Amino acid sequence: ADIAAVAAGDEGGDAAPTPSAEAVPAADAPAGGAAPDFEFSQLDMPALSSTMKEGKVVSWLKGEGDSVEAGEAIMVVESDKADMDVEAFEDGYIAAIITGEGETANVGAPVALIAANEADIPALKAYAATLSGAPTPAAPAPAAPAAATTAPKAVPKAASPASVNASAGGRVVASPLAKKMATEMGVDISAVVGSGPGGRITAADVQNAAAGGTPAKKAAPASPSKPKHIPAPGVIAATPTARALAKKAKLDLASIEGTGEFGRVTADDVRIATGEKKPVRKTAAPGAPAPIEMPEGLVPFTGMQRAVSNNMVATLDCPVFRASREIEMDAFNALYQSVKPKGVTVSALLAKAVAKAIEKHPIINSSFRPEGTFFNKDINIAMAVAIEGGLITPVLKYANERDVLELGENWKELVGKAKAGTLSPDEYNSGTFVISNMGMFGVSQFDAILPAGMGGILAVAGTQEYIVPDKQAVLGMKKISKMTVTLTCDHRQIYGADAAMFLKTLNDIMMNPAPLVK
């Protein structure tokens, strides 16, 4: 019947397409990048913090064609501070994803289009191509005969597990030593799961894969040692190219150990001597510990690392000065031991002490403005926390007014959010004074870099024990604990005397800390 219909169409002129074979007219797609005239919404890259310039799409929680509701999380974005969910503002359907997973877009740039009606998805896909710079998809060809349309659609094959370690180009990311060991041990390196940076396969990964039952190839028998040629006295065996390179580099060939035939100095030997080429790394002997695999090559910054780098550069425009002081810690340590069972941390107790000292010296809580000094009414203590892939400063707000037990609970909550990457912007960018504590690492003294927009930052080092004279002691000596703190200030509105008086007040509070828990 289909053949007869075609024949009839040939006899009667051009056959009219059947309704089921109609394609979306090209006119439905906006021409020249013009916005469609039907209802839809454009999802732009949001500014998740005041310093965010661009964001990276970590993952899409919805795919093209999926329906979404207002307030529903549809993607996860990596900002310069943390990974955060982005919600849909309107009901509709994901018509086109412009910025894919792992891609970066500037703040305000379109990342997806949401159609109000499902029927408008094809036209929005064509419009999305003009926004993303991709070629506009061609209009679909007329449908084949009905019998052909019943053929099952090809189902894309699922990626094999081995492809997890391959990059988009199909290349396995592995260190040279790992590749060499895989070849020697008969291990399929494409099936090895990497544990290095970015999934990079290391030598240890190959050894673990081999130990798991993968048959290893027998090592080739050692080749017999080559006969060694001993040149005549005063004669240095070297290739012509090696002699030319050594002469150019002004190297004495006698100082270079040759690796060529009969001990001849080769061009590569000269390049290794000049540092132009790296020497070949020797394979570890059987039974010897595997060499430690060190990172190699460029690792791109994450959004957080790039933000930290930019913030550090911005501090170069600020004239600063530093003041240090030793503080006796015996009374403070005793107080901490008494409240530690209640869940109070050193960080919370230290933030409380610093906040009480700032109450008496408000200038330390100020920041510079071109018009003058800006005094912050609230005392919000930001404390630097090192997390995987960067640095962030959770904030204990109103630290001078709150109870230490409440501060301790709040601090544990903030640290947990920081490590999980779920801090809200108000929880890390509302600080008015910063504390950087490296005492837990045993650091005896250090200087901290003043963040842009802050008036001061206090660097807190570790506690050290000292023997000092004491007339009341049996032997005339006693042991005390001290720690060194260093205050870095913006010298445009804070002066040396201000810093000295603040440190003296802080010392008095730390030596008589009982009021901190009242």
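**A guided tour from Thr 239**

Thr 239 is buried, with a relative accessible area of 17%; buried denotes under 20% relative accessible area, exposed over 50% and partly exposed in between, for a 1.4 Å probe and protein chains only. The model is predicted: local features need a pLDDT of at least 70, side-chain atom pairs count only at pLDDT 80 or more, and totals for chains, interfaces and linings use all residues. Residues are numbered from 1 along each chain as its sequence is written, and side-chain values use heavy atoms, with hydrogens and water left out.

Keep Thr 239 selected: the residue lies in the loop between α5 (203-211) and α6. Helices (H or I, at least four residues) and strands (E, at least two) are DSSP runs, numbered from the N terminus. Apart from neighbours within four places in sequence, Thr 239 has contacts (heavy atoms within 4.5 Å) with Arg 264, Val 265, Thr 266 and Ala 267.

Next, select helix α6 (residues 240-249) and helix α7 (residues 267-274), which pack at an angle of about 20° with axes 8 Å apart. Axes are lines fitted to C-alpha atoms, for helices over the stretch in contact, and angles run from 0 to 180 degrees between N-to-C directions. The two helices, α6 and α7, are therefore roughly parallel, the term for angles under 35 degrees; over 145 counts as roughly antiparallel, 65 to 115 as roughly perpendicular and the rest as oblique. Display Thr 241, Ala 242, Leu 245, Ala 246 and Ala 249 of α6, which meet Ala 267, Val 270, Arg 271 and Thr 274 of α7.

Strand β1 (residues 40-44) pairs with β8 in the antiparallel sense over five bridges; pairing requires at least two DSSP bridges between two strands. Here Asp 44 stands opposite Pro 110 of β8. Strand β6 (residues 92-97) also runs antiparallel to β8, joined by four bridges, and Ile 94 has Ile 114 in β8 as its bridge partner.

Now select Ile 392 in strand β14 (residues 390-392). Ile 392 is buried, with a relative accessible area of 4%.

Finally, colour the chain by pLDDT, the predictor's confidence in each residue, from 0 to 100. The chain averages 79, and 80% of the residues score at least 70. Over residues 133-164 the pLDDT is below 50, and this stretch has 15 contacts in the model beyond near neighbours in sequence. Residues 213-220 are likewise below 50, with 10 such contacts.
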